Amino acid sequence: MKRVFSKFVKNSSGSFSMWLAVVSIPLISSVGLVLDYTNARRMQVEIENALDAAALAAAKEAPSKRQNVAEDVFASNLESSSFNITAKPVITTVGTALSATLSADYEPLFPFLSETRVSARSDVDMGNSGETEIVFVLDYSSSMNSKYAAMRDAVVSVINQVTNNQTNPDTKIGLVPFARQVYATMDGKYVLGGTTGVPWSNCTIDRKYPWVWKDQTPTGASNSKWGRTDSNDTIESDEYDDCPNYPSRNLVIRPLSNMHVNTVAQMLAMTPYSGTNIALGMEFGYQVISPEAPWTEGADYDDPDVRKYIVLLSDGRHNKKGFGPGNQFNVERGRWNLQKVCSELKKNGVEVITIAYDLDDSEGKDELKSCASSSSRYYFEGDESNILEIFSDVGRLVSNMRLTK
């Protein structure tokens with residue numbers, strides 16, 4: 001045996017190279033297995049993350065849209081992937097449970113290794129869980145006279161949808177109907193000329209700059225308070241003449257509440273008046289959803305267990321004056337304030353959904369689109385013919401959904 005081995009080692013005809021090649025096969029295979037296992041696992045993680053995003057996005061859509069949305073979101077999340085994943089997620093729904101599944105083949109780097117099947121599944125509970133705060137900022141200007149009923153019914157429908165027919169105490173809802181002004185009730189200490197501890201109820205326009213786009217509690221500074229009167233020469237002389245018409249039409253702020261029966265009752269009783277002060281509506285929407293006084297029903301912005309939404313609907317473009325620096329008071333400043341409030345809301349984690357309702361003004365649409373948290377998913381256009389469907393979509397967006405697998 002020693003002679004055979006000695007001859008083999010001394011042979012210069014290539015037998016040693018052949019031997020080395022033979023013994024190297026297991027080593028190369030081991031290295032290949034490690035590399036391919038690592039890559040397959042990385043591919044698995046990428047697929048799982050993309051599938052989670054796709055499942056959550058699909059769960060927020062109407063059943064007829066879920067498959068297409070899941071495919072689009074899944075593909076978008078894998079655009080920068082180094083893997084060529086052509087498989088598409090498959091969406092199935094049973095009751096309030098949605099599942100997204102996907103299987104793809106991993107092609108090994110080493111051709112002598114077999115393909116690996118990579119599979120993933122994501123499950124979403126589409127039922128309302130956790131806490132949700134929603135403030136509806138609704139246009140009740142006179143231009144809504146012939147079409148507010150369809151909007152009203154759609155809002156009531158979505159309230160029933162997200163509160164399990166008015167039974168879910170973990171969902172709080174507030175109302176901010178706006179026209180030319182907004183009518184509110186608050187402690188007099190937050191109002192010019194008011195008395196601490198004495199409720200003040202009236203309609204009002206903006207606070208002065210820079211408080212106009214802030215949610216902070218009024219201080220002792222006059223500019224931080226509401227309730228400006230005709231004595232201020234920057235305000236139109238008849239600005240407060242029509243205030244009695246707001247409560248008579250039930251156009252009053254309703255702070256966040258889980259007394260859904262009362263919220264729906266107010267919705268059914270509200271009727272339009274005049275003017276389109278969208279910026280003012282959003283300013284008060286910001287105050288209502290804020291934890292800061294004069295209304296303190298809102299949770300802290302950083303509370304991980306609470307999701308906050310503002311739903312803004314208007315059928316026109318903002319056309320009322322607003323306060324700016326240097327005592328500016330003009331329509332353009334009012335439009336700037338609207339966008340600033342939207343920006344501040346989004347910065348604080350409030351998701352803003354906007355609806356252009358029977359609106360044919362392209363600039364007005366652009367302003368609402370810019371206000372929304374996402375111009376593609378949180379901005380809607382419609383009219384009486386489809387407003388119910390739009391609010392059904394809104395309901396799916398604001399429902400608390402969570403991954404269960």
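## Disulfides

C203 and C243 form a disulfide, with their sulfur atoms 1.5 Å apart. A disulfide here is a pair of cysteine sulfur atoms within 2.5 Å. The torsion about the S-S bond of C203 and C243 is about -60 degrees, so this disulfide is left-handed. C203 lies in strand β7 (residues 199–204) and C243 in the loop between β7 and α5 (245–248), so the pair ties together parts that are 40 residues apart in sequence. Helices (H or I, at least four residues) and strands (E, at least two) are DSSP runs, numbered from the N terminus. C203 is buried, at 0% relative accessible area. C243 is buried too, at 4%. Buried means under 20% relative accessible area, exposed over 50%, and partly exposed in between (1.4 Å probe, protein chains only).

This is a predicted model: local features need pLDDT of at least 70, side-chain atom pairs count only at pLDDT 80 or more, and totals for chains, interfaces and linings use all residues. Residues are numbered from 1 along each chain as its sequence is written, and side-chain values use heavy atoms, with hydrogens and water left out.

The count comes to two disulfides. C342 and C371 form a disulfide, with sulfur atoms 2.0 Å apart. The torsion about the S-S bond of C342 and C371 is about -80 degrees, so this disulfide is left-handed. C342 lies in helix α8 (residues 331–347) and C371 in helix α9 (residues 362–371), so the pair ties together parts that are 29 residues apart in sequence. Both C342 and C371 are buried. With the bonded cysteines of the chain numbered in sequence order, the pairing is 1-2, 3-4.

## Aromatic pairs

A pair of aromatic rings is described by the distance of the centres and the angle of the planes. The structure holds seven aromatic pairs. Rings of Phe, Tyr and Trp (its six-membered ring) pair if their centres lie within 6.5 Å; planes under 30 degrees apart count as stacked, over 60 as edge-to-face and the rest as tilted.

F83 and Y106 form an edge-to-face pair: 6.4 Å centre to centre, with 70 degrees between the planes. F83 lies in the loop between α3 (66–77) and β1 (90–94), and Y106 in strand β2 (residues 97–106), so the pair ties together parts that are 23 residues apart in sequence. Both F83 and Y106 are buried. The ring centres of F136 and F391 are 6.5 Å apart and their planes stand at 45 degrees, so the pair is tilted. F136 lies in strand β4 (residues 131–139) and F391 in helix α10 (residues 387–398), so the pair ties together parts that are 255 residues apart in sequence. F136 is buried at 2% relative accessible area. F391 is buried at 1%.

## Ring cluster and charges over rings

Ring pairs link W226, F284 and W295 into a cluster. R207 lies over the face of W226, 4.2 Å from the ring centre. R333 lies over the face of W336, at 3.9 Å from the ring centre. A charge sits over a ring if NZ of Lys or CZ of Arg is within 6 Å of the ring centre and within 35 degrees of the ring normal.

## A hairpin

β1 and β2 pair in the antiparallel sense over five bridges. Two strands pair if DSSP finds at least two bridges between them. T92 stands opposite S99 in β2. The hairpin of β1 and β2 has two residues between the strands, and G95 takes a positive phi near 60 degrees there.

## Salt bridges

Side chains of opposite charge can pair when their charged atoms come close. The structure holds 16 salt bridges. A salt bridge is a side-chain nitrogen of Lys or Arg within 4 Å of a carboxyl oxygen of Asp or Glu. K147 forms a salt bridge with D315, the closest N and O atoms being 3.2 Å apart. K147 lies in the loop between β4 and α4 (148–162) and D315 in the loop between β9 (306–314) and β10 (322–324), so the pair ties together parts that are 168 residues apart in sequence. Both K147 and D315 are buried.

E332 and R335 also meet in a salt bridge (3.0 Å, N to O). Both lie in helix α8, three residues apart, about one turn of the helix. E332 is exposed, with a relative accessible area of 52%, whereas R335 is buried at 15%. Salt bridges that share partners join K65, D393 and R396 into one network.
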